[in-house]
Amino acid sequence: MNNKVRNNRAWLLVLPMLVLVAFSAIIPLMTVVNYSVQDVLGPNARFFTGTEWFQTMLNDSALRAAFIRQIIFSLTILAIQVPLGIAIALIMPKRGWQASAVLILITLPLLIPWNVVGSIWQIFTRGDIGLMGWGLRELGINYNITRNAGDAWATIILMDVWHWTPLVAMLCYSGLRSIPEAYYQAARIDRASKWAVFRYIQLPKLTNVLVIAVLLRFMHSFMIYAEPFVLTGGGPGSSTTFLSQSLATMAIGQQDLGPSAAFSIIYFLVILLVSWVFYTTIMHMQKDKNPHGGA
Amino acid sequence: MYRLENTQQGEKYNTIFSRTTPAQRRKRNARSRLRSRLLLGLYLFLMILPIYWLINMSLQTNSEILGSMTLWPQNITFDNYIRIFTNSSWYMGYVNSMLYVAMNMLITICVALPAAYAFSRYTFIGDKHLFFWLLTNLMAPPAVFLLPYFQLYYSVGLFDTHIAVALAHCLFNIPLAIWILEGFMSSVPKEIDETAYIDGYSFPKFFVKIFIPMIRSGIGVTLFFLFMFSWVELLLARTLTATDAQPIGMIMTRTSTASGIDWGTLAAAGVLTIIPGILVVYFVRNHIAKGFALGRT
């Protein structure tokens with residue numbers, strides 16, 4: 001970062017934010033830690049259990065399966081959404097009313113509440129009243145998300161791509177817009193191919209927004225809850241039960257405070273670790289590329 | 001974007017060194033532009049389909065929906081919408097959602113602006129750790145916080161109020177706002193701050209009169225994201241409300257009763273949840289285009 005002033009009074013500017021975030025993050029987290037080492041039987045009946053819940057949770061095969069499912073899901077949607085988002089950003093019109101219109105249309109899925117997204121796709125994929133379910137059946141494809149786990153998976157991935165690719169596209173689009181015209185002119189004079197323009201001008205300039213996009217997408221894919229819950233209810237069987245849903249069922253549905261708290265902490269630590277690795281490697285990559293900071 | 005063939009020098013340069021004539025090149029460019037328009041059109045068409053289907057269903061009666069398959073409504077009816085607008089338990093859902101989203105945007109932007117300024121201009125003890133800790137809150141899955149939130153807000157008497165949801169959404173919205181705003185603020189040269197102080201501006205006056213107008217589009221983009229994430233989040237909103245502050249997304253679940261799901265009303269309610277979003281994007285569209293990436297290039 002460029003010549004920042006050292007000033008510890010800056011803490012005063014951060015303080016209001018800190019108080020608020022502490023209220024909404026630290027206090028609840030403490031409660032979770034507290035629960036994770038206790039067996040809560042009633043308001044005044046609590047026993048210290050040590051790390052017992054952690055052991056139970058780490059050995060729970062259903063949770064491990066949910067975790068693996070989650071990782072596969074997150075990697076799959078990243079592999080689809082990032083290239084697709086870049087491609088869409090590249091072919092979006094650059095100016096005029098068309099640019100505005102496309103931008104508004106493209107961001108539409110982002111602004112739909114998450115369980116409504118689930119409802120839309122539930123309607124859309126039903127064999128009797130949904131366009132997609134009906135269309136597939138007319139084509140002679142045996143498609144049923146409540147019976148066939150493969151169909152359920154494909155539908156959830158399709159739904160997530162539909163829902164979230166716009167975010168990647170939007171971020172990339174604004175990243176592309178910030179590339180000065182002179183770069184393209186220079187490439188033109190050098191008779192650079194389209195691919196070379198993309199590889200050496202557009203992609204490096206997109207790295208920063210892609211970091212934001214990948215991090216946001218990764219985090220949110222871990223939190224996915226409402227959409228599959230509405231669409232498939234986690235089924236058939238538990239084939240589309242992701243981490244958040246297991247957790248919510250355990251904490252709210254079954255009221256297993258201790259185990260769910262221990263699970264929360266493990267969950268939180270995993271996300272923290274993965275995100276930290278992500279974040280630092282990307283930051284290092286950027287630093288290596290531009291040793292003087294700034295692209 | 002490739003405007004060079006219109007400039008004289010480029011024309012000459014390219015004519016000398018390339019085997020293709022400018023006319024050929026222009027033709028090739030036009031063809032590739034047409035191809036990208038077609039691809040974009042295809043994507044938009046596929047993207048709109050589920051939403052079209054929702055609108056289509058919202059204009060039909062339940063018997064028509066469950067009857068034969070039709071690609072557009074045969075007898076357009078607005079009954080589903082009328083049902084929502086005449087029933088206070090329905091439309092209050094929208095009011096509740098909008099209230100807590102607005103509260104959240106106001107609170108978040110008020111605390112995030114000074115904090116982002118501190119991060120972009122000063123180094124202070126623990127600033128890097130604080131920044132990463134903030135980002136970890138962005139990563140915290142709401143499901144982890146469900147139970148503690150419920151108990152916390154219940155014990156301070158805020159359960160089932162709009163402010164409870166607004167405060168809960170600060171968990172992920174404040175870090176996001178600081179992250180975005182910090183990028184925009186860092187792109188404003190420091191010299192502007194210094195000049196303002198030399199001209200005798202006090203810090204608050206400089207901040208409100210000069211600095212905030214300079215990062216207007218950054219604030220626009222931030223507000224868009226705050227709206228988006230608060231408007232669509234439901235797990236926390238559902239847990240922290242019972243009757244008085246229920247978000248619309250939860251009220252929609254009422255459409256499934258013992259006699260089956262009221263598809264028409266469900267679809268109409270879904271359509272109505274999209275409209276505030278369209279309005280927000282419409283107002284900030286130019287800011288979004290101008291660049292989320294502005295400060296981060």
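These numbered points comment on selected features of a predicted model.

1. Chain A as a whole. The secondary structure of chain A consists of twelve helices and three strands. Of its 295 residues, 53% count as buried. Taking contacts in chain A between residues at least 6 apart in sequence, 67% join residues at least 24 apart.

2. A helix contact between the chains. Helix H5 of chain A, residues 114-125, packs against helix H2 of chain B, residues 22-58. The angle between them is about 85° and their axes are 9 Å apart. Angles of 65 to 115 degrees count as roughly perpendicular, and H5(A) and H2(B) are therefore roughly perpendicular to each other.

3. The residues in that contact. On the H5(A) side, the residues are A:Ile120, A:Trp121, A:Ile123 and A:Phe124. They meet B:Leu49, B:Pro50, B:Trp53, B:Leu54 and B:Met57 in H2(B). By type, the residues of this contact divide into nine nonpolar, no polar and no charged.

4. Aromatic pairs, with one example from H10 of chain B. Over all chains, a search of the whole structure finds 31 aromatic pairs. One of them joins B:Phe203 and B:Phe207, with 5.5 Å centre to centre and 35° between the planes, a tilted arrangement. Both residues belong to helix H10 of chain B (residues 203-214), where they are four residues apart, about one turn of the helix.

5. A pair in H11 of chain B. B:Phe225 and B:Phe229 form another tilted aromatic pair, at 6.2 Å centre to centre and with 35° between the planes. These two residues lie in helix H11 of chain B (residues 216-232), four residues apart, about one turn of the helix. Both B:Phe225 and B:Phe229 are buried.

6. A ring cluster and a charge over a ring. B:Phe203 and B:Phe207 also belong to a cluster linked by ring pairs. In chain A, a charged group meets a ring: the charged end of A:Arg199 sits over the ring of A:Tyr200, 5.1 Å from its centre.

7. Positive phi in chain A. Most residues other than glycine have a negative phi. A:Arg191 is a residue other than glycine, yet its phi is positive, near 55°. A:Arg191 is placed in the loop between helix H8 (181-189) and helix H9 (194-223) of chain A. Its relative accessibility is 49%, so A:Arg191 counts as partly exposed.

8. Positive phi in chain B. B:Asp160 is not a glycine either, and its phi is about 65°, a positive value. The residue lies in the loop between helix H7 (142-155) and helix H8 (162-186) of chain B. B:Asp160 is buried, with a relative accessible area of 12%.

9. A buried histidine. A:His163 is found in helix H7 of chain A, residues 149-177. Its relative accessible area is 0%, so A:His163 is buried. Leaving aside residues up to four places away in sequence, A:His163 touches A:Pro109, A:Leu110, A:Ile112, A:Trp114, A:Val117 and A:Glu227.

How values were computed: Residues are numbered from 1 along each chain as its sequence is written. Chains are lettered from A and ligands numbered from 1 in the order in which they are written. This is a predicted model: local features need pLDDT of at least 70, side-chain atom pairs count only at pLDDT 80 or more; totals for chains, interfaces and linings use all residues. Side-chain values use heavy atoms; hydrogens and water are left out. Axes are lines fitted to C-alpha atoms, for helices over the stretch in contact, and angles run from 0 to 180 degrees between N-to-C directions. Angles under 35 degrees count as roughly parallel, over 145 as roughly antiparallel, 65 to 115 as roughly perpendicular and the rest as oblique. Contact means heavy atoms within 4.5 Å. Ala, Val, Leu, Ile, Met, Phe, Trp, Tyr, Cys and Pro count as nonpolar, Asp, Glu, Lys and Arg as charged, and the others, Gly among them, as polar. Rings of Phe, Tyr and Trp (its six-membered ring) pair if their centres lie within 6.5 Å; planes under 30 degrees apart count as stacked, over 60 as edge-to-face and the rest as tilted. Buried means under 20% relative accessible area, exposed over 50%, partly exposed in between (1.4 Å probe, protein chains only). A charge sits over a ring if NZ of Lys or CZ of Arg is within 6 Å of the ring centre and within 35 degrees of the ring normal.
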